[in-house]
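Dear colleague,

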Amino acid sequence: MIVSKRENGFTFVPQYEHGALAGELAARWGNERFAAPALAPALRIAAAHHDDGWRELDDLPAYNSEAGRPAHFLELPLERTVPPYGRGVDSVFAREPLAGALVAMHWTGLYWGRWGLQGSEPLAHPLAEEVVAERERQRVETLLAVWRRVGGLRSEFEAQVWHAYEVLQALDVISLALSSLDPSRPTAAGEPVAVPSVLGAIEQPPGPRLVPDAPTAPLGQRLDLTLVVVEPGVGTIDPWPFAAERLELALPARALPGDGLPEAEGVAAYRAAPVTPLAWTLVPGAR
């Protein structure tokens, strides 16, 4: 669950809905400046379903009793998240092996600094180390099998895979930003804030949002994207990585009042809350 505190209370976006939005964005990625991935069909599946394992937890939902609200996904221990997340990854492998490999790379990358994109140290936790070892073996075996089927240069194929992975990271971060920010409130002045650095913040700080290291091509230049809410419901992204010049998006969400509730009442209130989409219009920034 992606939790944010806003003027009128808490807003909750399920992880799998954030994934569905990433899938919509994946279908539109690519223009004269940002190359569309050669593995676009697998990427679209991976983006749309990369967080399907969270459905088990978000539909309960997991609860933060101290705060009196459903728990933010970063508040849950690995012991609780690894088993359902693994089942979600396996479901993508069953759907499409190459998409499964991309989702496995996404999962292991979360424990290993997004494989260099995030620049952080590997997570020192036995479960994380176990996941990385097991899923890296699965990834290598899967990609070898796919490459043997499609042929060509292995180096070119691997570059295409890593390009798709890096686009998936950009899509994930854009969708997380759209899930955390209030589209009704134009961006206040301030220093740009990298989205990964404030993922766990229930009350989001002011300032534009940076989506770091979006790839322009396989092994090519990486650019930081800047997201700004310029008027209620309208956000700009600069530079613009999509084919269309305007995107209309709706992100299903629920809301609860800001005062805390005991777990039973809070879970019941969450389930009874109507689904009210967060409406976003995205357009290119200033050129």
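A residue is called buried under 20% relative accessible area, exposed over 50% and partly exposed in between, with a 1.4 Å probe and protein chains only. This is a predicted model, in which local features need pLDDT of at least 70 and side-chain atom pairs count only at pLDDT 80 or more, while totals for chains, interfaces and linings use all residues. Residues are numbered from 1 along each chain as its sequence is written, and side-chain values use heavy atoms, with hydrogens and water left out.

Gln15 has 2% relative accessibility and therefore counts as buried. Gln15 belongs to helix α1 (residues 15–26), where helices (H or I, at least four residues) and strands (E, at least two) are DSSP runs numbered from the N terminus. Beyond the neighbours within four places in sequence, Gln15 is in contact with Met1, Ile2, Asp51, Trp54, Asp58 and Phe73, contact meaning heavy atoms within 4.5 Å.

Strand β1 (residues 2–6) is largely enclosed by the rest of the structure, because 4 of its 5 residues are buried. A hairpin leads from β1 to β2 through 2 residues, and 5 bridges join β1 to strand β2 (residues 9–13), the two running antiparallel; strands pair if DSSP finds at least two bridges between them. Within this arrangement, Ser4 stands opposite Thr11 in β2.

With kind regards
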